[in-house]
Amino acid sequence: MSSLVRCQLVDPCKVPVSFEKAVLSGKEKAYREPRSGRLLPVRSEYVGRTCEAYLGFDHFCRFLNRPIALGNRKYLILFAVYSALACLYGAAFTLHDYLVRLKRTPLSLRPVHISFRIIASCLQLLSPVLAPLHRLGFTSMDDPEALVFLLVALIDSALALILMGFASKHLLLVLRNRVIVAPDDDTFDLGWRKNVEQVFGRRPLLWALPIAAAEGCDGIHYPVREGCTPVATMPTVVLRHAAKLGPAVPQLASWTIAPARTSHQHSKSV
């Protein structure tokens, strides 16, 4: 619960206003985001829903109505992992109670209600594999508590599988230093240890705790793998925009703005 609260309340890490001034003064390098016209560092993207740009942007979560970026990405992953473990615990606990009640009164000694016989017949028409389900779940109206235990176990198991898949996907992206908006970009893959440190921090003992990991990465300067080209460091929104323009952009590298270069000069180069 703490991970969810921090994911909702902590700043996702907006691009500071001072960054554009640093670019114009020649201290930083950036690219010009085509939708908002703002100067942004690599791995940052502009979100139209909030009219803000975020460092280390991963994706916009529609369920939480919240952008997931450098500041709250760790909390979202921890929330998914702990929720999956809680659902697994709940499923195992309720399934154990169901099996205990089932052992006391075997299914063969229980009268099956006519409605459950109809459901079992429908399942058998769909697939012979589904037919035995009525002997596990739809047991009898004489013991409704056992049915409730089994339904809760099935629901918890389904939620656990969904959350485990969600958490596994995000953990795999972190291990490879990728984001959802660019799942195939290996530009920033420095090895699993350094990749994890950028999101979870440099102290492994705190990786499993909902504590800020600001020392892992500042969100502006990202080391890249040896031999990577400037095109590979561009955010995906730029690549998508350039792909739509086609021949109008002969070189994608023209989107990268040199220090102290104005937007007027950039528009001419394009």
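Begin by selecting Cys51, which lies in the loop between β3 and β4, where strands (E, at least two residues) and helices (H or I, at least four) are DSSP runs numbered from the N terminus. Cys51 has a positive phi of about 60° although it is not a glycine. Most residues other than glycine have a negative phi.

Before going on, note that this is a predicted model, in which local features need pLDDT of at least 70 and side-chain atom pairs count only at pLDDT 80 or more, while totals for chains, interfaces and linings use all residues. Residues are numbered from 1 along each chain as its sequence is written, and side-chain values use heavy atoms, with hydrogens and water left out.

**The whole chain.** Zoom out, and you will find eight helices and seven strands in the chain. Of its 270 residues, 38% are buried, a word that here means under 20% relative accessible area, calculated with a 1.4 Å probe on protein chains only. Among the contacts with a separation of 6 or more, 60% join residues 24 or more positions apart, a contact being heavy atoms within 4.5 Å.

**The annotated spans.** Next select residues 75-95, 116-134 and 146-168, which UniProt lists, in an unreviewed entry, under "transmembrane region"; such annotations may be inferred rather than shown by experiment, and their positions are given in the numbering used here, with feature names shortened. Residues 75-95 are 100% helix and 0% strand, with end C-alpha atoms 30 Å apart. Residues 146-168 are also 100% helix and 0% strand, and there the end C-alpha atoms lie 32 Å apart.

**Asp58.** Now move to the loop between β4 (52-54) and β5 (59-61), where Asp58 lies. Is Asp58 buried or exposed? Its relative accessible area is 0%, so Asp58 counts as buried. If you leave out residues up to four places away in sequence, Asp58 touches Ile68, Ala69, Arg73, His170, Arg178, Val179, Ile180 and Val181.

**The cavity.** The structure holds one cavity of 30 Å³ or more, and about 100 Å³ of space lies in the largest cavity. A cavity is a set of points, on a 1 Å grid over the protein atoms alone, where a 1.4 Å probe fits but cannot get out, and lining residues have an atom within 4 Å of a point; the points are joined across faces, edges and corners, and the volume is the space filled by probe spheres set on them. To see the lining, select Arg43, Gly56, Ala69, Leu70, Arg73, Asn177, Val179, Gln198, Val199, Cys217 and Tyr222.

Arg43 has a positive phi of about 65° although it is not a glycine, and with a relative accessible area of 12% it is buried.

Turn to Cys217, which counts as buried because its relative accessibility is 11%. How many disulfides does the model have? The count comes to zero, where a disulfide is a pair of cysteine sulfur atoms within 2.5 Å. Cys13 is in no disulfide, and the nearest cysteine sulfur to its own, that of Cys217, is 8.8 Å away.

**Helix α6.** Finish at helix α6 (residues 192-200), where Asn195, Val196, Glu197, Gln198, Val199 and Phe200 are buried. Just after α6, Gly201 takes a positive phi of about 100°.

Definitions and conventions: Buried < 20%, exposed > 50% of the residue type's maximum accessible area, 1.4 Å probe, protein only. 1 Å grid on protein atoms, 1.4 Å probe; cavity = no way out; pocket = protein on both sides within 12 Å on 5 of 7 lines; lining within 4 Å.
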